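Here is a quick tour of one structure, meant to be read with the viewer open.

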Amino acid sequence: MQIHCPICSTSIDVSQDHAGHKGRCLNCSTKFIIPEDPDGNIEILERGETPQVQSGTDSPAESMEGDDVVGSAPALNAPVLNAPALNAPATRTYTAVRPRYQKKSGSPMGFLFIVVLILAAGAGLYFHLSGKKITISENNGKTVDQKADKKVLKVPAKVTEEKVQNPDQVTDPDLTESAVPFKVPLSDEEDFEFTDEARARSLEFLSSTDQEKRESVYTAFRSLGDNYKETYEGLLTKIRNKHLLSLNEKSSAIKKAQVVPDDIKNAYQEWKSVATAGLKLVMTKWRESSPDEYKAKYLEMDKIVKNAESLYGVMVKAMEVPQGSDDESFQELIDLISELDYEIAWSLGEDDFSASGINDLLNEAKSLAGEKDLVDSLSGELGEMQSIYLDNVEIENHNNKLNWGTSAYKKLVQQINNRRISLGLGALRLDQTLTMASEVHSGDMHFQNYYSHRSADGTTYAERAKSAGFNGKSTGECLFRSSADPDAAYKAWWYNDSQRLILFSTNSNAVGVGNAQNYWTLNTGQTSK
């Protein structure tokens, strides 16, 4: 772009990129700020002198140097690196007009405004942390508190003469007249004591359905820091347990109605018909009954059993949905408990937080209330199925928590139990004595190189189980010796008619597993419940 020197009016070419930088006219040595556009005002930093008019054969300086540039002036239209390229015309035929310019200076009013703004912000922070309010006096002797656009009328001082006469009943006005649970110290040097009154008000605020009141407690305790985290956690837990008991009462009231939703009924009926047909196929010895078609029967058996597993999952999902969970007050309690859980996690110093599911909270609520059932009770045939389901959940938890069973043992038993449960049978509980008997037999077969249900000394699986300390009735034994992989053992037993009938016997409720290299032994039994 082309600009003119504000003193000598010399026409100068300068790059738009140098707008805002300092520049100097080499014709009159005037120092100024390069404007944003050619018609913009030019701020003079240092005034130069107007040179004498020269003949046409002479030319003024052909460039303008920047303050940051070191070196000689560049040639016409050749920009210097990091400096604006300014081009002046060869001759001048007029006298420049010398306008007057004043340097701009800061106004003291701006500084005063910043000081006032800082003081106002500090005062606002003080009133927010201390919980104090702005009061406006009125002619009738009452005062109106103004905070968060809410107006609360306070009784005038002369009305409280009765309280003043009994000083033991006087409470801190900063507490009774504010929307905070207790007065928070403004600095570390200020003394603070968490009084019984502050505790009572904190519990009252935490129990409130007013979210602002609850949040005032959260804010207050977080400002106290680590010293009161344990106290805070105790208060939160107390209110949380209160909400859990309320949740259990609502759930129990719905349960007493004995209304079974249609989705549970439909899911149960659909699963029951498929599971019954599947169990019939599983308990058939196909190699004996259909020697020419047993492979096709195995495929048919696999298909219907997988369908039963899928439908069982649908039924359990429908049965686990708490009745009444779509109730608004029911969901409000869930949200309140999750809100408290978040604060409890902070008070315990836990960085990660994940809200508990509704079923977990219901189970916890029922446990707190001393109830044992995990889902709402059903009746009739559905009730029997629910009872089996609850037993299976308990057995699964038992098997997973064992510290003496290997992961391979647990995986094998889990595969068997998943299929038993989907067919309407009870799960098998891992038994330590049956496991010891199985391990001994697998090791004996491996080291003495034989494969038989009878030991080398002639003892049977029932005798081995009794010697190991099993007090129940032995119901069967399965053997495998082709691989150390538990999946391979399960697959071999599934497609062996005799072994499959042992795994899915309705008379068994206990199991033991033993492995030594490629040798697997599984013993089943029946114990009194």
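With a relative accessibility of 3%, Cys5 falls in the buried class. Keep in mind that this is a predicted model. Which cysteine sulfur is closest to that of Cys5? The answer is the sulfur of Cys28, at 3.4 Å, and that is too far for a bond, because a disulfide needs the two sulfur atoms within 2.5 Å.

Seen from the other end, Cys28 has its closest cysteine sulfur in Cys5, again at 3.4 Å. Cys28 counts as buried too, at 3% relative accessibility. By the distance rule, the disulfide count comes to zero.

## The four-stranded sheet

Now for the sheet. It is open, has four strands with mixed pairing, and its order is S10-S12-S13-S11. Which strands stand at the edges? They are S10 (429-430) and S11 (473-480); each has a single partner strand, so one side of each is left without a neighbour in the sheet.

S13 (residues 519-526) runs antiparallel to S11, and seven bridges join the two. If you want landmarks along that pairing, Cys478 sits opposite Leu522 of S13, and Ser474 has Gly525 in S13 as its bridge partner.

S12 and S13 are also paired in the antiparallel sense, over seven bridges. Here Gly512 stands opposite Asn523 in S13. S12 and S13 form a hairpin with two residues between the strands, and in it Gln517 takes a positive phi near 55 degrees.

## What lies on the sheet

How much of S13 is buried? Seven of its eight residues are, which leaves the strand mostly covered.

H13 (residues 407-422) lies across S10, S12 (510-516) and S13, and it runs at about 135 degrees to S12. H15 (residues 461-468) packs on the sheet as well, touching S11 and S13, with its direction making about 110 degrees with that of S11.

## H5 against H10

Next, a helix pair. Two packed helices are described by the angle between their axes and the distance between the axes. For H5 (residues 211-224) and H10 (residues 328-347), the axes come within 12 Å and cross at roughly 5 degrees.

On the H5 side, the contact is made by Arg214, Tyr218, Phe221 and Arg222. H10 brings Leu336, Glu339, Leu340, Tyr342, Glu343 and Trp346. Sorted by class, the contact has six nonpolar residues, four charged ones and no polar ones.

## One more residue on H10

Ser338 also lies in helix H10. Is Ser338 buried or exposed? It is buried, because its relative accessible area is 17% and the cut-off for buried is under 20%. Leaving out residues up to four places away in sequence, Ser338 touches Phe353 and Ala355.

Technical notes:
Residues numbered from 1 in each chain as written. Predicted model: local features only at pLDDT ≥ 70, side-chain atom pairs only at ≥ 80, totals over all residues. Heavy atoms only, no water. Axes fitted to C-alpha atoms, helices over the stretch in contact; angles between N-to-C directions. Contact = heavy atoms within 4.5 Å. Nonpolar A, V, L, I, M, F, W, Y, C, P; charged D, E, K, R; others polar. Buried < 20%, exposed > 50% of the residue type's maximum accessible area, 1.4 Å probe, protein only. Pairing = 2+ DSSP bridges.
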